[in-house]
Amino acid sequence: MPSLFTWPVRVYYEDTDAGGIVYYANYLKFFERARTEWLRALDVGQQALIDEHGAGFVVRSVQIDYHASARLDDELTLTLAIAKLGRASVLFSQQALRGEQLLASAHVKVGCVDLTSLRARAIPDDAAAKMRAT
């Protein structure tokens, strides 16, 4: 079973609509933060991938379900697990929770691209090895 990475997020005013409820698209931002912090925890620097390999990650697809609303000042826990690790892509299973309550769940497919051509390329070996080790 893949290990579960968690990252805490507080809901700020800027994350909400006029009613104090998190705007639906902001869950994508929360999930992006969790993926970025997961890479940092693996010691995979995104700037290093750019500088050393000319590579970056781009979101290829997202499937998201909304279960309940988060509100201003809520403390959320974002979770991330690798559902599938391919040669040039990663499928993540992610959740946003308030305590034990599931607020949103998503499958996010991220591809590795050559930043010059924007074509798919293999995830650099050192980064892929760290991802496999989780």
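This is a predicted model: local features need pLDDT of at least 70, side-chain atom pairs count only at pLDDT 80 or more; totals for chains, interfaces and linings use all residues.

Visitor: Which residue forms a salt bridge with Asp-74?

Guide: In general, side chains of opposite charge can pair when their charged atoms come close. The criterion used is a side-chain nitrogen of Lys or Arg within 4 Å of a carboxyl oxygen of Asp or Glu. Here the partner of Asp-74 is Arg-98, and the closest N and O atoms are 2.7 Å apart. Asp-74 lies in the loop between strand E2 (55-66) and strand E3 (75-85), and Arg-98 in strand E4 (residues 89-98), so the pair ties together parts that are 24 residues apart in sequence. Helices (H or I, at least four residues) and strands (E, at least two) are DSSP runs, numbered from the N terminus.

Visitor: Is Asp-74 buried or exposed?

Guide: Buried means under 20% relative accessible area, exposed over 50%, and partly exposed in between, with a 1.4 Å probe and protein chains only. Asp-74 has 15% relative accessibility and therefore counts as buried.

Visitor: How many salt bridges does the whole structure hold?

Guide: The search finds five. Among them is the pair of Glu-32 and Arg-35, whose side chains meet at 2.5 Å, N to O. Another joins Glu-37 to Arg-40, with 2.7 Å between the closest N and O atoms.

Visitor: Why is the spacing of Glu-32 and Arg-35 about one helical turn?

Guide: An α-helix has 3.6 residues a turn, so residues three or four places apart point the same way. Glu-32 and Arg-35 are three residues apart in helix H1, which separates them by about one helical turn. Glu-37 and Arg-40 also both lie in H1, three residues apart. As for accessibility, Glu-32 is partly exposed at 35%, and Arg-35 is buried at 7%. In the second pair, Glu-37 is buried at 18%, while Arg-40 is exposed at 55%.

Visitor: What is the span of H1, from its first C-alpha to its last?

Guide: The expected span of a helix is 1.5 Å times one less than its number of residues. H1 has 16 residues and reaches 23 Å, close to the 22 Å expected. Its buried residues include Tyr-27, Phe-30, Phe-31, Trp-38 and Leu-39. After H1 comes Asp-43, whose phi is positive, near 65°.

Visitor: How far apart in space are Lys-109 and Ser-61?

Guide: Their C-alpha atoms are 5.2 Å apart, although 48 residues separate them in sequence. Lys-109 lies in strand E5 and is partly exposed at 30% relative accessibility. Beyond four places in sequence, the residues that Lys-109 touches include Val-58, Ser-61 and Val-90. By contrast, Thr-116 and Arg-98 are 18 residues apart in sequence and 40 Å apart in space, C-alpha to C-alpha. Thr-116 lies in the loop between strand E5 (101-114) and helix H3 (125-132), and is exposed at 77%.

Visitor: What pattern does the protein chain follow along its sequence?

Guide: The pattern is β-α-α-β-β-β-β-α, which comes to three helices and five strands. Of the 134 residues, 37% count as buried. Among contacts with a separation of 6 or more, 66% join residues 24 or more positions apart.

Definitions and conventions
Residues are numbered from 1 along each chain as its sequence is written. Side-chain values use heavy atoms; hydrogens and water are left out. Contact means heavy atoms within 4.5 Å.
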